[in-house]
Amino acid sequence: MEIDVVGLFPEAVEGFCKIGVVGRAWERGTVALRFWNLRDFSAEKWRRVDDRPFGGGPGMVLMAEPVAMALAAARSRNPGATVVYLSPAGRVVDHDAVMALAARSGLVLLAGRYEGVDERVLCACVDEEWSIGDYVLSGGEAAAAVLIDAVVRQLPGVLGHEDSAREDSFVEGLLDCPHYTRPESWRKEPVPEVLLSGNHERIRTWRLKQSLGRTWLRRPDLLAERDLNAEQIRLLEEFKQEYRGYGHE
Ligand code: 9WO
């Protein structure tokens, strides 16, 4: 898969893409990443790419021509790519959206700044608008980095043994279970003994029970969307009884 990032601070996204899972996928060639600075496509003095909004109002707006030229340059390297504008007005990304984007041949991600981008170039050159959540950021770069991370993780072979992707509890529609590592006792707090038992079946069911219980407590909306199997129903009931047994509501 090929991903191009276009914006005023592409180096911010590039730095993020050099580490961890995305960095390894880039090194291995599972994903090709390119970064384009809008200022390199300015025809104006001082590499200007923004100007005051028509109709008045605060801030500046990114001009259409540099954005169009940068997107064209990116698309010339990434033909057939979907051009995505990261914006609070976009459809909010969820797991299904990540999977759909990961199936595309390529993505060109446009990260805006200031008050936004001239609407005419958005209409002419952008295929889809996506948001990472209902809040306003200072620019689209952080959102582009989040989207790249979520999408690249889903590319074949990226997460080492494929199970990791499937076990990503969100794939199951459940929140993750708690995790522990050394020391066994930290500030007098122990690790749950089941995790030290070496009994893999006990550990599996404990982790599933914790995922179900956490989802029930923190994100009941996720539970409402899915059918639980007999084991999951039993484990969740056990969790609820134990939780109420501790005097919780
Ligand atoms: C600024 C603003 C202020 C009040 C109400 C709505 C607003 N929208 C914007 C806005 O979109 N400003 C931009 C900065 C221009 C486009 C890039 N920027 C941005 C992207 N802010 N927040 C995002 C973003 C992207 C993806 N997911 C969530 C937020």
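## Close-up views of a predicted model

**View 1. Strands E1 and E2 lie side by side in a parallel sheet.** Strands E1 and E2 pair in the parallel sense over six bridges, where pairing requires that DSSP finds at least two bridges between two strands. Helices (H or I, at least four residues) and strands (E, at least two) are DSSP runs, numbered from the N terminus. The model is predicted, so that local features need pLDDT of at least 70 and side-chain atom pairs count only at pLDDT 80 or more, while totals for chains, interfaces and linings use all residues. Residues are numbered from 1 along each chain as its sequence is written, and side-chain values use heavy atoms, with hydrogens and water left out. Within this pair of strands, Val6 stands opposite Trp36 in E2. Five of the six residues of E2 are buried, so this strand is largely enclosed by the rest of the structure; buried means under 20% relative accessible area, exposed over 50%, and partly exposed in between, with a 1.4 Å probe and protein chains only.**View 2. The open sheet has five strands.** Its order is E2-E1-E6-E5-E7, with parallel pairing. Strand E2 (32–37) and strand E7 (128–131) stand at the edges, each with a single partner strand, so one side of each is left without a neighbour in the sheet. The twist averages 30° from one strand to the next, with axes taken as lines fitted to C-alpha atoms, for helices over the stretch in contact, and angles running from 0 to 180 degrees between N-to-C directions. Strand E5 (residues 82–92) is joined to E7 by five bridges, and the bridge partner of Arg91 in E7 is Trp130.

**View 3. Helices H1 and H6 lie across strands of the sheet.** Helix H1 (residues 10–17) lies across strand E1 (2–7) and E2, and runs at about 160° to E2. Helix H6 (residues 141–153) lies across E1, E2, E5 and strand E6 (106–111), running at about 160° to E6.

**View 4. The largest nonpolar core holds 27 residues.** Such a core is a set of buried Ala, Val, Leu, Ile, Met, Phe, Trp, Tyr and Cys residues joined through side-chain atoms within 4.5 Å. The members that touch the most others are Ile3, Val13, Leu33, Leu86, Leu109, Ile148 and Val152, and the largest share of the core, seven residues, comes from H6. Leaving aside neighbours within four places in sequence, Leu86 is in contact (heavy atoms within 4.5 Å) with residues including Leu109, Trp130 and Leu147. Another core, of 20 residues, lies apart from this one, and has Val49, Leu71, Ala81 and Val83 among its members.

**View 5. Thr82 is a buried residue of strand E5.** The relative accessible area of Thr82 is 10%. Not counting residues up to four places away in sequence, Thr82 touches Arg104, Gly106, Leu107, Val108, Asp127 and Glu128.

**View 6. The ligand is surrounded by 20 residues.** The closest are Tyr85, Gly112, Ile132, Tyr135 and Leu137, where a residue is near a molecule if one of its heavy atoms lies within 4 Å of it. A nitrogen atom of the ligand is 2.9 Å from a polar backbone atom of Ile132, and a polar side-chain atom of Ser131 lies 3.4 Å from a nitrogen atom of the ligand. A backbone N or O atom of Tyr114 also lies 3.4 Å from a ligand nitrogen atom. Tyr114 is placed in the loop between E6 and helix H5 (119–125), has a positive phi of about 60° although it is not a glycine, and counts as partly exposed at 36% relative accessibility.

Notes. A polar contact is a pair of N or O atoms within 3.5 Å; within protein, one must be able to donate a hydrogen and the other to accept it, and residues adjacent in sequence count only if both atoms are side-chain atoms.
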